[in-house]
Amino acid sequence: MIHIPAYVDKLLTALREAGFAAFPVGGCVRDGLMGREPSDWDLGTAARPEQVKAALSGYRLVETGLKHGTVTALTSGGPVEITTFRTDGAYRDGRHPDRVAFVPRLEEDLARRDFTVNAMALDPAGQVIDLYGGREDLEAGLIRCVGDPAVRFGEDALRILRALRFASQLDFDIEPATARSLLRGRAMLDRVSRERVFSELTRLLTGPGAGRVLREYGEAVFQVIPELAPQAGFDQKNPNHIHDVWTHTTMAVDAVAADPVLRLTMLLHDVGKPTTFFTDEAGVGHFYGHGEAGAEMADGILRRLRCDTAARERVCLLIRNHDIKPPKTPRAARRLLARLGEDAARQLVACWRADNADRPAAVRERNLALIDEWEKLLAEALAGPAPCFSVKSLAVNGRDIMALGVPEGPAVGRVLARLLELVLDGEAENSRQALLEKAESLPESCCKSRETDV
Ligand code: ATP
Ligand code: MG
């Protein structure tokens with residue numbers, strides 16, 4: 001039996017007492033049957049939106065999508081979406097129904113839903129209403145379209161990515177006819193808005209089946225990120241690598257924590273490899289500068305997909321630095337911390353580890369030992385007294401520098417930058433007195449205003 005929380009039950013009761021059929025439907029039933037806590041509860045009802053509003057007049061309601069029949073009730077347990085049973089009209093643009101028609105019966109509503117595991121409802125006695133074999137597919141771990149997959153993907157191409165996303169999130173396979181149709185119909189993905197593509201892609205990437213889904217359905221992913229396509233089957237001709245670039249990429253995605261920024265980074269980290277590839281006289285493949293080239297490409301891809309700026313910049317920073325050698329000295333560690341900041345430096349360590357997950361054992365061990373060493377240096381640098389990796393955390397500020405007679409303007413910044421370098425290089429302690437002394441002894445050229453300053 002699936003437990004329906006009290007705040008959901010109250011809504012169901014209110015709708016039913018007003019004379020309308022109402023059921024929990026979709027993802028919450030699927031999650032409940034899997035023994036998982038549903039992330040949200042969606043209700044389907046025979047009541048029209050105005051009737052829903054009247055029956056739930058005691059609630060704060062948001063008219064989320066009246067045209068599509070959705071009203072959201074804000075309850076003590078969180079928002080609950082209540083959607084009038086509907087069928088979708090024709091889909092001329094391959095994404096949005098031209099119109100939706102409200103219908104009185106749950107059965108018709110279930111038929112418009114995407115996958116069998118998403119097309120179940122719970123009746124008032126707590127029994128599962130399952131018209132399409134959703135339970136069986138849930139047991140077997142299968143994503144299968146409700147109805148003819150070619151028709152369903154043709155109606156709404158977003159379902160192609162939703163199939164991949166659920167296969168990853170639930171760690172399911174895709175039923176063969178559904179799988180064939182989605183690959184065959186992948187060009188229809190060009191009609192889907194980039195925001196929706198990015199949202200589904202991110203959910204795919206952060207699921208437990210991400211690497212496997214990327215390997216099995218690479219062609220569909222290449223439709224939305226064509227820049228990745230040359231990686232498939234790309235022989236690296238290098239003893240440090242076992243797999244072709246795409247297989248390596250999919251394994252690196254799995255090897256990093258399921259965080260959107262880290263997973264996007266690993267998905268795109270080698271996007272610059274095919275374009276920077278060359279073989280030396282011995283026939284060994286190299287990819288010098290692929291971090292820089294890849295960061296440029298990733299920037300374009302993530303802008304196109306409308307990724308938010310903070311995530312895009314972080315992903316590109318990590319990609320740009322992913323193929324540098326881990327620093328071996330405290331000084332190099334401090335310099336890298338100054339360049340990246342603590343947070344990104346830690347993420348970079350996670351990316352290095354993931355990047356090594358599928359190397360030949362000897363290479364992997366050598367690299368992981370280097371990474372361990374750098375992580376120790378990182379911890380030591382951060383644990384020191386008055387750790388300082390930016391001008392902002394210096395023990396002196398611009399006013400102190402001006403008090404020494406340096407004229408206001410760029411010269412102040414130059415002095416502070418020089419002091420930071422001294423601290424990073426271990427030549428000055430980050431204390432007020434030590435820094436003021438150092439500032440006094442800096443060459444005059446650093447402290448004077450220059451003609452070029454104005
Ligand atoms: P999640 O846990 O990610 O919210 P969910 O199954 O609730 O999973 P939603 O995107 O919230 O997914 O959609 C709710 C339900 O609406 C789905 O379970 C499915 O029945 C139906 N649905 C959503 N999008 C589509 C679509 N594009 N085509 C057909 N049915 C859809
Ligand atoms: Mg949902």
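**Helix 13 and its neighbours**

Guide: The axes of helix 12 (residues 245-255) and helix 13 come within 8 Å of each other and cross at roughly 170°. Here an axis is a line fitted to C-alpha atoms, for helices over the stretch in contact, and angles run from 0 to 180 degrees between N-to-C directions. Helices (H or I, at least four residues) are DSSP runs, numbered from the N terminus. Helix 12 and helix 13 are therefore roughly antiparallel to each other; angles under 35 degrees count as roughly parallel, over 145 as roughly antiparallel, 65 to 115 as roughly perpendicular and the rest as oblique. Helix 12 passes helix 13 in a right-handed crossing, a crossing being right-handed if the near helix is turned clockwise from the far one by less than a right angle, and left-handed if anticlockwise.

On the side of helix 12, the contact is made by Trp246, Thr249, Ala252, Val253 and Asp254, and on the side of helix 13 by Arg263, Met266 and Leu267, where contact means heavy atoms within 4.5 Å. These residues of the contact of helix 12 with helix 13 divide into 5 nonpolar, 1 polar and 2 charged. In this division Ala, Val, Leu, Ile, Met, Phe, Trp, Tyr, Cys and Pro count as nonpolar, Asp, Glu, Lys and Arg as charged, and the others, Gly among them, as polar.

The model is predicted, so local features need pLDDT of at least 70 and side-chain atom pairs count only at pLDDT 80 or more, while totals for chains, interfaces and linings use all residues. Residues are numbered from 1 along each chain as its sequence is written, chains are lettered from A and ligands numbered from 1 in the order in which they are written, and side-chain values use heavy atoms, with hydrogens and water left out.

Turning to another partner, the axes of helix 13 (residues 260-268) and helix 18 (residues 342-355) come within 11 Å and cross at roughly 45°. That angle makes helix 13 oblique to helix 18, and the crossing of helix 13 and helix 18 is right-handed. Val261, Leu262, Thr265 and Met266 in helix 13 meet Gln347, Ala350, Cys351, Ala354 and Asp355 in helix 18, and the residues of this contact of helix 13 with helix 18 divide into 6 nonpolar, 2 polar and 1 charged.

Conventions: Helix = DSSP H or I, 4+ residues; strand = E, 2+ residues; numbered from the N terminus.
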